[in-house]
Amino acid sequence: MPFPVYLDHNATTPLDTRVLEAMLPYLETQYGNASSRHEYGREARRAMDVARQQVAAAAGAHPAEIIFVSGGSEANNLFMKGAAAAFGREGGTVAFSAIEHPCALNAARQLARQDWRLIELPVDAAGRVTRAGVAEALAQKPRLWSVMLANNETGVLQEVAAFAASAQEQGGGWFHSDAAQVLGKLPLDFRALNQAGVHALTLSAHKAYGPKGAAALVADRRLDIIPLIAGGGQEGGLRAGTENVAAIVGFGAACELAASRLDSLSVRLRRLQTRLEAGLVLLGATLFGADAPRLPNTSYFSFAGVEGETLLTRLDRAGFAVASGAACSSANPNPSHVLMAMGVPEDLARGALRVSLGVGTNDEQIDAFLLAAKVALTDLKNLTALQDRSRRA
Ligand SMILES: Cc1ncc(COP(=O)(O)O)c(C=O)c1O
């Protein structure tokens, strides 16, 4: 079994070789600017058109609804700030779940400086945004909403369509959902979500075996957005800048691949997740979000009295790459904002580790990981006992 074993697919996924192959011509001979009016430009434009269709197909959207951007972070910012800017100085209320990815949370918080009122929608102990919280927010008639489809730490799925439908029935507002963690793991149907009242979705290529630096905001054409980056008229005037054609081609190829293996992959991941979690429970783990519907690849857990960072380092040395809390905030010493919102005690939250499985994960790796975790936990317990004894002596 090759080491290190990669178990951090929610942070990023390996680039699939078929995706790389699709991209290579656009890094080598087909280097045209998609805005140029000669054959090089036309070839780049054609490739982007194909990618737009592939992304739209994987999202259940129309190609005209795809706005290519540089990352999931940009897509979330484009919705939050771009849609807010379209209201001019009027401001309003923005409602978003307390467990959004930091790129949505912090974009919303920036709006507070421009007279927007913020409502953080609470979650229950299983990590689900509550209907009661949404109902309470509705009274303020938010102009903007953002509730993610699946959380990147817990993998918990949210009742986005139902929330968006309530928002539409009672006051309207533009409704966005971050689907970065759903692409390639579970089916996506923007058309159905749109009919329920969802106006925009965030996707990111590198979460689904595509390249980093390519993503999309899937947006209802009625959604009024002021671009964050002004310039030439790329992406229907909503995102200026010469397009990263190779990455966009890779994003398209990754979407096609995702759609073709979605059913078989999600079943396989779910089986591996069950095997992993059964082993973790035997080792004494507390699983977070286990009472809610979740992504088939994500397991988030703690062992009482064990620091997550310490266990992560041990596992890393043993050849297993996992995450403690969200990868993006692993430099942040605070316990996960997601676990805090779920009411998890701080000491247990500090122990949180996330294992996220992917297409290359197999039974042998899961069993080897469980064995390594057992060894590391025994070592750490012995160490603590030794330290206690020497303190008492
Ligand atoms: C749910 C979610 N949204 C957005 C992002 C940001 O995407 P990107 O890394 O493409 O900027 C991530 C990445 O960690 C994510 O997990």
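Domain bounds here come from an automatic or database domain assignment. The model is predicted: local features need pLDDT of at least 70, side-chain atom pairs count only at pLDDT 80 or more, and totals for chains, interfaces and linings use all residues. Numbering starts from 1 along each chain as its sequence is written.

Start by colouring the domains. Select 5-12 + 263-392 for domain 1 and 17-256 for domain 2. Their C-alpha centres lie 29 Å apart. The contact between them takes 25 residues from domain 1 and 24 residues from domain 2, where contact needs C-beta atoms, placed from the backbone, within 7 Å.

Next, select helix H8 (residues 245-282) and helix H12 (residues 363-392). Helices (H or I, at least four residues) are DSSP runs, numbered from the N terminus. The axes of H8 and H12 come within 10 Å and cross at roughly 15°, so H8 is roughly parallel to H12. Axes are lines fitted to C-alpha atoms, for helices over the stretch in contact, with angles from 0 to 180 degrees between N-to-C directions; angles under 35 degrees count as roughly parallel. Show Leu 272, Arg 275, Leu 276 and Gly 279 in H8, which meet Asp 363, Ile 366 and Leu 370 in H12.

Finish at the ligand. Of the 15 residues around the ligand, Gly 71, Gly 72, Ser 73, Asn 152 and Ser 204 come nearest; a residue counts as near if its C-beta atom, placed from the backbone, lies within 6 Å. Then select helix H3 (residues 72-85), which gives the most to this shell, with 3 residues.

How values were computed:
Helix = DSSP H or I, 4+ residues; strand = E, 2+ residues; numbered from the N terminus. Parallel < 35°, antiparallel > 145°, perpendicular 65-115°, else oblique. Contact = placed C-beta atoms within 7 Å.
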